[in-house]
Amino acid sequence: MPSDVLQMWNEVAEEFSTKMMPSNKHTLLQMTTLNGAKFLGREPTMGTVEAGKDANLVLLDANPLSSVQNLHKINAVVRGGTYYSRAALDDLMRHAEQQP
């Protein structure tokens, strides 16, 4: 993606996050976790981090409540109980990019 398009996208995302996001950070977290699980009817298995629920997590290097851009700072992922480090994610991306 050209750098000017990426810069424009980042500016739009930042403006959206400051104008459209709820001021209460607890509400924002619920919108992206628990409320999604409720909407999908999957609250018994997802939406919160607790024993017995699916362990699908994105671990970030920075607080996404401080800036929407921090959502791009992925350190690791836990999916289906398997931990994927940043290096493992980079390897997966390289492999996917090489596919026809």
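User: Hi! Is Leu59 buried, partly exposed or exposed, and why?

Analyst: Leu59 counts as partly exposed because its relative accessibility is 33%; buried means under 20% relative accessible area, exposed over 50%, and partly exposed in between, with a 1.4 Å probe and protein chains only. This is a predicted model, where local features need pLDDT of at least 70, side-chain atom pairs count only at pLDDT 80 or more, and totals for chains, interfaces and linings use all residues. Residues are numbered from 1 along each chain as its sequence is written, and side-chain values use heavy atoms, leaving out hydrogens and water.

User: Thanks! Where is Leu59 found?

Analyst: Leu59 sits in strand β1, residues 57-60. Strands (E, at least two residues) and helices (H or I, at least four) are DSSP runs, numbered from the N terminus.

User: Which residues form the nonpolar patch on the surface?

Analyst: Val49, Leu57, Leu59 and Tyr83, with about 390 Å² of accessible area together. Areas come from the Shrake-Rupley method with a 1.4 Å probe, and for residues only the protein chains shown count as cover. Patch members have over 30% relative accessible area and no salt bridge; nonpolar side chains (Val, Leu, Ile, Met, Phe, Trp, Tyr) are joined within 5 Å, like charges within 9 Å. A salt bridge puts a side-chain nitrogen of Lys or Arg within 4 Å of a carboxyl oxygen of Asp or Glu.

User: Switching to the sheet: what is the strand order?

Analyst: The order is β1-β2-β3 in an open sheet of 3 strands, with antiparallel pairing; two strands pair if DSSP finds at least two bridges between them. β1 and β3 (82-85) each have a single partner strand and stand at the edges, so one side of each is left without a neighbour in the sheet. From one strand to the next, the twist averages 20°.

User: And what packs on the sheet?

Analyst: Helix α4 (residues 86-98) does, touching β2 and β3, and its direction makes about 80° with that of β3. Contact means heavy atoms within 4.5 Å; axes are lines fitted to C-alpha atoms, for helices over the stretch in contact, and angles run from 0 to 180 degrees between N-to-C directions.

User: Which residue in the β2 and β3 hairpin takes a positive phi?

Analyst: Gly80, near 60°, in a hairpin with 2 residues between the strands.
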